[in-house]
Amino acid sequence: MSSSMPPADSALFSIGQSTADVLVVGGGIMGLWAAVKAVQTGLTVTIVDRHRIGSGASGGLLGALFPWMPNNWDKKKQFQFDALTALAEELAPLEAETGLSARYRQSGRIIPLPKPHLRTIAERHQQDALVNWNQPSGRFFWHVGDVPPIADYVAPDLATAGYVEDTLAARANPRALTGLLRTWLQAQRQASILEQCELIRIDAKAGSALLKNSDGKETTLLFAQAVLAAGVESFPILETLLPPLPKPLGQGVKGQAALLAADLDPALPVVFLDGVYIVPHTGGRVAVGSTSENSYDDPETTDTGLDRVVERARQLIPALRGAPVVERWAGIRPKAIGRDPMIGPVPGHSNIHAMTGGFKISFGVAHRLAERVIDSLCGRGLGDLPESFTMEGHLVEMEKDL
Ligand SMILES: Cc1cc2nc3c(=O)[nH]c(=O)nc-3n(C[C@H](O)[C@H](O)[C@H](O)COP(=O)(O)OP(=O)(O)OC[C@H]3O[C@@H](n4cnc5c(N)ncnc54)[C@H](O)[C@@H]3O)c2cc1C
């Protein structure tokens, strides 16, 4: 165990059982960043996934990295802003070491304005962005205008009241990004990745996890600290560690997206209107999404809801009108009870940290959330993590709702 960890009970570590400073449960974007940050802090880490790394919600197509609106600025928006603006720098050394790319680009975003009242709101946001986004260097703006920011890109009949152009939004390829983190971890002596390895039970007091592989073989892993980053499955696992709760800690929200083959410049901005995202990627691919379903029978199938999203995307972007759909995909977003990410120590179990509930924003913030989690499990606290993002904060809100 590295010297930066708080001392664990040495009696826990017995010969014949595997051990790690940090056990990370779940190999999605949350768990992968947690493992990367643990290694960068000098800890040993074992990351387990019951299927494959990146096979959950993080194995999708879209990869839109959007800032929250520039109005009503608060700690939460600042945290997300700081995370988004730091992502390129976070990725650079990992890309250099692996020779892989996350296909990240700060491509900006266009929001067509189909109604005059939306223009009024957007103009107010322009003023808000001057104050709230003008940091640290004033690189980012939110501009409202009548001239299309890119000629012949967005259908003009859906922008009769003008356009918003922002330079802060970005995109990355979700599969390339998870692949990059996985490859980087594989090259680290202190990291081990166990796929087809499911967490069956976790004993916080003993610091042990019962794991089962695809052959049904069970093993025990002893840990000093554990991070529960099992996506939507984190909620029932966390509930086993808490006194009975009046309602579930979170739920899954299904989403569907599609990939189109289209000859669009991958440097083009992301387009967003009425919940539909169009994200130009590299390699002649454009992702469009997403549906949002609170109840669903099958988490993996796609249906006419996705057809409608594709149709809407084709109305918005004329260049997509003849573009064939090459992949349809669905996944389950983890949405915590308080809607924000659910991060930090589980009350009563300081050696277990939650890291879930990223809902629609995980890819832009997971690296920063991971930093706070690793700081916290090393005894340095959660720093600037907004109260509404903490495990504790979610439980307080749940109490208030009763
Ligand atoms: C259609 C769609 C579009 C989206 N678009 C965007 C977007 O543009 N931008 C954005 O930021 N976010 C987007 N999201 C949301 C984003 O994908 C999720 O918030 C994010 O992937 C959640 O990551 P995670 O690591 O928490 O969970 P997951 O990626 O689901 O990872 C959890 C992992 O835990 C494993 N696991 C579960 N239980 C166990 C167990 N008992 N033992 C071991 N392993 C276990 C699973 O196999 C899985 O691999 C989108 C989601 C969908 C569905």
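A residue is called exposed when its relative accessible area is over 50%, buried when it is under 20%, and partly exposed in between. With that in hand, here are some close-ups of this predicted model.

**View 1. Asparagine 72, out in the open on a loop.** Asparagine 72 sits in the loop between strand 3 (64–65) and helix 2. Its relative accessibility is 62%, so asparagine 72 counts as exposed. Look at the backbone too: phi of asparagine 72 is near 45 degrees, which is a positive value in a residue other than glycine.

**View 2. Glutamine 196, another positive phi.** Here we are in the loop between strand 8 (191–194) and strand 9, where glutamine 196 has its place. Glutamine 196 is not a glycine, yet its phi is positive, at about 50 degrees. With 37% relative accessibility, glutamine 196 counts as partly exposed.

**View 3. Aspartate 340, tucked away in a loop.** You'll find aspartate 340 in the loop between strand 16 and strand 17 (342–346). Is aspartate 340 buried or exposed? Its relative accessibility is 7%, so aspartate 340 counts as buried. The side chain of aspartate 340 makes a polar contact, at 3.2 Å, with the side chain of lysine 76. Setting aside neighbours within four places in sequence, the residues in contact with aspartate 340 are Lys76, Gly357, Ser388, Phe389 and His394.

View 4. Glycine 322 belongs to the loop between helix 6 (304–316) and strand 16. Glycine 322 is exposed, with a relative accessible area of 73%.

View 5. Which residues come nearest to the ligand? Of the 38 around it, they are Asp49, Ser58, Ala64, Phe359 and Ser362. This shell divides into 16 nonpolar, 15 polar and seven charged residues. Strand 16 gives the largest share of the shell, four residues. Now for the oxygen atoms of the ligand. One lies 2.6 Å from a polar side-chain atom of serine 362. A polar backbone atom of phenylalanine 363 is 2.9 Å from an oxygen atom of the ligand, and for isoleucine 29 a backbone N or O atom lies 3.2 Å from a ligand oxygen. On its own the ligand exposes 1000 Å², and the protein buries 96% of that. Helix 1, strand 9 (197–203), strand 12 (250–261), strand 16 (325–336) and helix 7 are the elements that give two or more residues to the shell.

**View 6. The largest nonpolar core.** In soluble globular proteins, nonpolar side chains tend to be buried together. In this model the largest nonpolar core has 48 residues, and those with the most contacts inside it are Trp33, Leu177, Val227, Met355 and Leu369. Two or more residues each come from strand 1 (18–25), helix 1 (29–40), strand 2 (45–48), helix 2 (75–98), helix 4 (174–186) and helix 7 (362–377). Helix 1 gives the largest share, nine residues.

**View 7. What tryptophan 33 touches.** Not counting residues up to four places away in sequence, tryptophan 33 touches Leu87, Glu90, Leu91, Leu94, Leu181, Ala366, His367 and Ala370.

Conventions
Residues are numbered from 1 along each chain as its sequence is written. This is a predicted model: local features need pLDDT of at least 70, side-chain atom pairs count only at pLDDT 80 or more; totals for chains, interfaces and linings use all residues. Side-chain values use heavy atoms; hydrogens and water are left out. A nonpolar core is a set of buried Ala, Val, Leu, Ile, Met, Phe, Trp, Tyr and Cys residues joined through side-chain atoms within 4.5 Å. Buried means under 20% relative accessible area, exposed over 50%, partly exposed in between (1.4 Å probe, protein chains only). Contact means heavy atoms within 4.5 Å. A residue is near a molecule or strand if one of its heavy atoms lies within 4 Å of it. A polar contact is a pair of N or O atoms within 3.5 Å; within protein, one must be able to donate a hydrogen and the other to accept it, and residues adjacent in sequence count only if both atoms are side-chain atoms. Accessible areas come from the Shrake-Rupley method with a 1.4 Å probe; for residues, only the protein chains shown count as cover. Ala, Val, Leu, Ile, Met, Phe, Trp, Tyr, Cys and Pro count as nonpolar, Asp, Glu, Lys and Arg as charged, and the others, Gly among them, as polar.
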